[in-house]
Amino acid sequence: MTTETPPRPRKRTQPDPSLPKLSAMGWVRWAWRQLTSMRTALFLLLLLSVAAVPGSIFPQRNIDAGRVADYIAQNPTTSPWLDRLGFFAVYSSPWFSAIYLLLFVSLVGCIVPRTKVHVAALRATPPRAPARLSRLDEHAEVVTDLSQDEALAVAREVLRGKRFRLHSHDSTSLSGESGYLRETGNLVFHLALTGIIVGMAVGHVFGWRGDIILAEGDKFASSAGTYNTISPGPWVDTETLPPFVLGLDRLDVQFNEAPGRGFGMPKEFTAYTTLQREPGAPATKESVSVNHPITVDGADIFLLGNGYTPVITVRDAKGEILYREATPFLPQDGNYRSVGVIKVPSASPKQLGLTGFFLPTAEPTFIHGPASLFPDAKNPEVALSIWEGNLFPGDAPQSVYTLNTDEMKQVTKADGSPALIRLKPGQTYEIPGGRGTVTFDSVKRFAGLSVRTDPGAPISLVSAILATAGLILGLTIKRRRVFVRVRPAGPGAAGVDSPSGDDGRPATVVSIGGLSKDSDAGLAAIVAAVHDRLAERNDRS
Amino acid sequence: MNLASNANAALYASMIVYTLAMLAFTWHLAARAPQVADSKVAERAEVREDVLVGAGAPGTPERRSPYAAAPGFEESRESRQRGNIALMLTYLGTALLVASVLMRGLAVSRPPWGNMFEFATAGAAAVGVAYSVLAKRNNWQWLGVFVVGPILLVQGLALTVLYTEAGELMPALKSYWLAIHVSVAFIAVAFFTIAFAIGIVYLVRLHREEKPPAKPNFMESLPSSAALERTAYTLNMVAFILWTFTLIAGAIWAKQAWGAYWQWDPKEVWTFVIWTVYAAYMHSRATAGVDHRKSMLIALVGFVCVIINFTLVNLVSTFVGMHNYSGVG
Ligand code: HEM
């Protein structure tokens with residue numbers, strides 16, 4: 001990527017001119033120089049953008065583990081390789097991490113020396129004016145009847161008004177420099193980029209997130225054990241989570257009922273809750289909706305999902321209640337066709353498991369299988385199949401949303417066909433073979449709440465704002481140098497710009513030159529301003 | 001009064017006016033071409049020399065401003081008049097388009113960018129406004145074809161492929177961050193688009209400067225490649241700053257709506273990719289020894305990413321993450 005060659009070591013141990021040898025230190029220094037060169041930074045930036053793309057094409061575990069599993073099942077030949085190479089977790093893969101870590105090592109290696117140079121530049125005086133200002137990017141000349149000192153004073157005044165730092169190295173010249181803030185802004189920008197990364201790292205290490213599904217009327221006390229899932233950062237002490245108690249009084253959900261493209265689209269989700277900062281503390285009413293989290297002890301509580309919890313009762317043949325719970329069924333599509341599982345370990349002689357669907361607005365015929373026509377609970381129905389046997393084979397831990405049927409058999413009717421439960425609220429189904437009954441009592445909504453803390457976020461936010469400010473300074477301010485030289489008007493100097501000096505008064509030729517590092521449409525205006533002010537003074541005299 | 005249907009009527013009207021503007025811009029370019037041919041014959045040698053010496057070489061006796069048109073080209077009155085007619089039509093077309101977007105916004109009582117159709121029309125309006133504001137003072141009549149053409153294309157696609165009835169927003173979009181984040185993104189895209197158009201013209205112009213064609217045409221009447229390059233850089237720079245802001249505002253909004261400011265959802269990924277590609281462009285332009293043509297190619301790739309971000313990422317299901325608002329399908 002770069003044309004630089006390794007440096008030759010200062011002292012050569014072998015007098016072989018064709019094979020310069022590098023000491024270990026020399027190689028390290030060479031590698032460091034490569035890594036911190038602008039070209040490497042450029043290359044790494046491009047590489048980073050390319051490397052980020054696969055994560056938007058392949059499903060990612062951190063977003064939707066279910067889709068990753070589907071993808072792997074559908075592409076059995078390629079996906080093991082993709083998986084091994086990290087394509088389903090691009091942003092935590094070694095290659096992606098390597099690129100951004102190298103970029104940031106390069107960044108730091110770049111900022112430090114540039115800061116030193118810049119601090120020195122801030123203290124330095126503007127350089128001596130070159131001999132021939134007409135060679136500079138912008139140039140103007142004017143003859144005036146001011147004295148040399150007066151002319152320089154006028155130029156000084158104009159340039160000071162334009163915030164130039166000025167210095168006269170001798171009595172016939174003036175040097176001015178401006179735009180130091182450009183490099184300052186640029187350094188702030190690059191430094192703030194590292195700040196963003198530091199903030200992300202802090203969030204990763206000290207942040208945590210817990211998810212909970214809470215049915216209407218239910219309450220939960222925050223602690224490491226009460227969340228459905230909790231993912232703490234490596235340095236989080238899960239004993240010190242904020243001990244708040246949150247009750248879900250009501251979940252208000254509205255869907256678009258007007259026919260057309262937007263039919264069934266969500267319009268409104270609001271959870272009305274009762275919050276206590278700690279057990280026994282006074283309760284306050286708080287509402288959480290999308291875009292409006294509530295904050296407790298540095299933790300934000302977000303409403304991220306919702307669905308239905310049918311209340312289902314399972315009784316044995318004698319009418320004893322074996323199971324009665326509001327069981328969350330997880331929505332699978334926009335019309336909230338939801339899947340769920342009911343596990344009844346206390347059933348005898350064999351454990352019972354029910355698995356199937358909840359349909360908020362059931363399509364009555366089931367022609368294409370169980371389907372829901374609308375996300376609101378207009379015509380709720382559950383459709384479940386029944387299994388019996390061992391619910392927990394091998395006592396392996398399992399999800400509450402899946403039924404492991406390895407050691408179970410589907411319950412059938414007398415004619416041998418599988419028994420299928422279809423119930424509307426209030427209805428009861430008798431399981432064949434005198435195994436008891438299943439009742440669909442009612443349906444409640446649940447809220448999917450996520451509690452998160454990210455102590456690094458403020459660091460990243462402040463850094464991001466600084467980065468933007470630095471960027472604006474670094475890009476819009478121009479580094480400019482303007483020089484002015486004066487000399488007495490000699491023969492032939494007349495007619496350069498203004499034909500004065502004829503009346504016998506001493507005339508001065510003022511030469512103005514401007515220099516800019518980059519494309520700079522404003523430089524000409526500054527040179528012109530000095531020129532015009534001098535010309536103007538001339539007219540008045 | 002039905003605002004939504006008036007909005008559509010204004011959209012159709014703006015397409016008609018833009019089509020006329022497009023024709024007028026072509027007519028304007030046609031007026032520039034023969035003139036170049038005339039002036040070129042006499043000035044060929046001088047032009048060649050100017051190119052060989054290069055804009056920045058020291059010691060050039062008389063440096064011409066890089067912002068002037070090509071040497072030896074003095075725009076004729078006819079060409080200027082045609083250019084101005086085209087500009088007037090563009091202003092009218094833009095006004096109609098903006099009116100359409102505003103009426104749509106009033107019809108739905110929210111910022112009018114909640115689905116792909118609205119993205120496309122509001123994006124086209126942003127490009128139209130940016131061009132209309134900048135064209136006159138920069139003498140960008142020659143650029144009109146390359147800006148109004150894409151606007152028309154986007155409007156056509158919006159009405160045929162992406163059309164969505166005026167409707168309400170999904171809850172995740174109900175936030176004032178929608179107004180901030182998305183509107184800044186639109187302005188950024190408007191600048192990226194114009195910079196892209198100039199970037200393409202720059203590459204062609206540069207090629208023709210290096211290998212002067214036998215028959216000069218309107219291209220030779222445009223500002224020098226160096227000037228075009230600088231203009232594109234300035235526009236890209238403004239757009240990059242706005243895009244940086246878009247990225248940050250998006251992260252703040254994501255934090256509110258989804259609980260985490262950055263989750264690498266496909267839309268976030270592409271916003272980031274665009275940002276890094278343009279950052280690479282800014283970098284390469286500042287790196288000694290990388291020529292401006294190569295830098296410009298990076299910027300063009302960046303614009304392709306902008307297009308992908310607004311099309312494929314919204315529409316193709318492999319990309320669909322949490323930003324699933326297209327309203328299409
Ligand atoms: C995370 C990686 C980086 C990003 C996103 C980035 C981005 C940028 C951007 C957008 C600019 C132009 C803005 C301005 O002039 O203020 C810039 C300029 C610059 N960058 Fe970086 N940069 C990165 C890393 C680096 C590294 C590692 C180096 C050191 C080799 C570096 C050196 C420079 C220099 C010297 C300039 C100034 C160019 C000039 O205007 O003269 N950057 N960078």
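Me: How many salt bridges are there over all chains?

Reply: Side chains of opposite charge can pair when their charged atoms come close. This is a predicted model, and the count over all chains comes to 22 salt bridges.

Me: Which residue forms a salt bridge with Asp83(A), and how far apart are the closest N and O atoms?

Reply: The partner is Arg61(A), with the closest N and O atoms 3.2 Å apart.

Me: What area do chain A and chain B bury between them?

Reply: The size of an interface is often given as the accessible area lost when the parts come together. Here chain A and chain B bury about 4500 Å², and 65% of that is on carbon and sulfur atoms. Chain A brings 51 residues to the contact and chain B brings 58 residues.

Me: How many salt bridges and how many residue pairs in polar contact are counted between chain A and chain B?

Reply: Between chain A and chain B there are zero salt bridges. Three residue pairs are in polar contact, counting pairs with both residues at pLDDT 80 or more.

Me: Which elements of chain A supply at least two residues each of the side that touches chain B?

Reply: The helices are H2 (38-52), H3 (54-57), H8 (180-206) and H9 (457-476) of chain A, and the strands are S8 (266-276) and S11 (299-315) of chain A. The residues on this side of chain A divide into 29 nonpolar, 11 polar and 11 charged.

Me: Which residues line the second largest cavity?

Reply: Among them are Ala7(B), Leu11(B), Val101(B), Arg104(B), Phe117(B) and Glu118(B). Helix H1 (3-53), helix H2 (77-108) and helix H3 (116-138) of chain B each supply at least two residues of this lining. By class, the lining residues are five nonpolar, three polar and two charged.

Note on methods:
Residues numbered from 1 in each chain as written. Chains lettered and ligands numbered in written order. Predicted model: local features only at pLDDT ≥ 70, side-chain atom pairs only at ≥ 80, totals over all residues. Heavy atoms only, no water. Contact = heavy atoms within 4.5 Å. Buried area = accessible area lost by both parts, 1.4 Å probe. Salt bridge = Lys/Arg side-chain N within 4 Å of Asp/Glu carboxyl O. Polar contact = N/O pair within 3.5 Å; in protein donor to acceptor, adjacent residues only side chain to side chain. Helix = DSSP H or I, 4+ residues; strand = E, 2+ residues; numbered from the N terminus. Nonpolar A, V, L, I, M, F, W, Y, C, P; charged D, E, K, R; others polar. 1 Å grid on protein atoms, 1.4 Å probe; cavity = no way out; pocket = protein on both sides within 12 Å on 5 of 7 lines; lining within 4 Å.
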